[in-house]
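Here are my notes on the model you sent over. Have the picture open while you read, and check each point against it.

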Amino acid sequence: MIYLDNNATTRPYPQVLEQMQPFLADAYGNPSSVHRFGQEARQAVEQARYRVANLLHCQPGEVIFTSGGTEADNAAIAGLAAAQPNKKAIITSSVEHSAVREPLARMADCGFNIIEIPVDQKGELDYATLQNALARGDVALAAIMAANNETGVVFDISAVGNLCRNAGVPLHVDAVQMAGKLPIDFAALPVQTLAISAHKFHGPKGVGALVVRRGSRWQSFIRGGPQERDRRGGTENVPGIVGMGAAAELAQHKFQTPAIFTRIATLRNTLETGIINSIAETTINGNTASRIGNTTNIGFAGLEAEAILLLLSQHDVCASAGAACSSGSLEPSHVLRAMKLPDRVAHGSLRFSLSEFTTETEIAETLEILPAIIEQLRKVLPTA
Ligand SMILES: Cc1ncc(COP(=O)(O)O)c(C=O)c1O
């Protein structure tokens, strides 16, 4: 199998699985228990918190473990809005993941005014419109992502945060696709809350974290027991949290070896150039903006992405048509729509996302397989 779908999920590092294993078996204590058995689990959770805090340059006490990126986004949005009950507008971008879009759609149903800041054709945020929107005076929060899951386009979160701070508006950042790929310095960012997810950086699924800046006006979302210092009720997912801590530590070490990231970006560029050179009517979506080095989004004009994916899958190549949740539907992704790509490009756009496990041979094989697939489809499908 050639796995080029690392923005959907990544292969867990073997060390992650090793460290999780005892907590899936004999070390099953509840971290809230006062006995020694429980306290061993508590120690493991706290060590993981420390490791995640190291990766994000925040304080351990600012890390709240969640069931993943989706919960962290939901908790941030609901929690920041609840802390400012008189403010009924929320600012967001037009290219957010559904983990932000859907809770905001719910807030709209509850009477909130959701203001979407557009992006340009490169996928870059319209900062002037953002600044104007922030001046309204009734904005409870802004929710803007750090790196786009479909195109890899990176927003300047420092700049967004400064605009928000000047307007007195708390900013939530979905950094799910940035964590482990680019360094994040939470302490230096003008950001109130930040969401990450372990399975995007070689950790386990079903565990993530919401970082809430100390002293923030934020209310807890999941009520229950006093876990996570009363900020997220529910018995902790100890094996998952331990795995996330292990992945965070390994990710942090990787930043000391920039060659790892250069190699991934070089492979991505080889894939892009190879496709552009061998297949007519192809475009790289968002490639003139600043991008995460592992991601490329490529439009094969006139085709349906699902058809290409299916044939790729028959050759054991895994890619994606943008967000995992939008595959299976024939609607082009809202991200590509927001970038105002022509329909015949947006409909035929695929995302390839690499990781450090991707090999030169895999990229070469993909470049051998893909032109024939596109040719085959272009022969049988009427072009739009
Ligand atoms: C940008 C972004 N935010 C949030 C999520 C949701 O994360 P999780 O799968 O951990 O719920 C994803 C997952 O694809 C994502 O790419």
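1. First, some ground rules. This is a predicted model, where local features need pLDDT of at least 70, side-chain atom pairs count only at pLDDT 80 or more, and totals for chains, interfaces and linings use all residues. Residues are numbered from 1 along each chain as its sequence is written.

2. The chain splits into domain 1 (2-9 + 257-380) and domain 2 (14-254), with bounds that come from an automatic or database domain assignment. Their C-alpha centres are 27 Å apart. The contact uses 23 residues of domain 1 and 24 residues of domain 2 (in contact: C-beta atoms, placed from the backbone, within 7 Å). On the domain 1 side, strand E10 (295-300) and helix H11 (334-338) each supply at least two residues (helices, H or I, of at least four residues and strands, E, of at least two are DSSP runs, numbered from the N terminus).

3. Now the core. The largest nonpolar core has 113 residues, and Leu141 and Ala175 touch the most other members. Such a core is a set of buried Ala, Val, Leu, Ile, Met, Phe, Trp, Tyr and Cys residues joined through C-beta atoms within 7 Å; buried means 20 or more other C-beta atoms within 10 Å of a residue's own, exposed means 12 or fewer, and partly exposed is in between, with C-beta atoms placed from the backbone. Domain 1 and domain 2 each give this core at least three residues. Leaving aside neighbours within four places in sequence, leucine 141 contacts residues including Ile77, Leu80 and His172.

4. Look down helix H5 (residues 127-134). Which of its residues are buried? They are Leu130, Ala133 and Leu134. Ala128 and Asn132 are exposed on the face turned away. The buried residues pack against strands E3 (89-93), E4 (113-117) and E5 (139-145) and helix H6 (157-167).

5. Next, find the ligand. Around it sit 13 residues, with Gly68, Gly69, Thr70, Asn149 and Ser197 the closest (near: C-beta atom, placed from the backbone, within 6 Å). Helix H3 (residues 69-82) gives the most to this shell, three residues.

6. Last, glutamine 19, in helix H1 (residues 14-24). Why does glutamine 19 count as buried? Because 20 C-beta neighbours lie inside 10 Å. Beyond four places in sequence, glutamine 19 contacts Val242, Gly243 and Ala246.

Technical notes:
Two residues are in contact if their C-beta atoms, placed from the backbone, lie within 7 Å.
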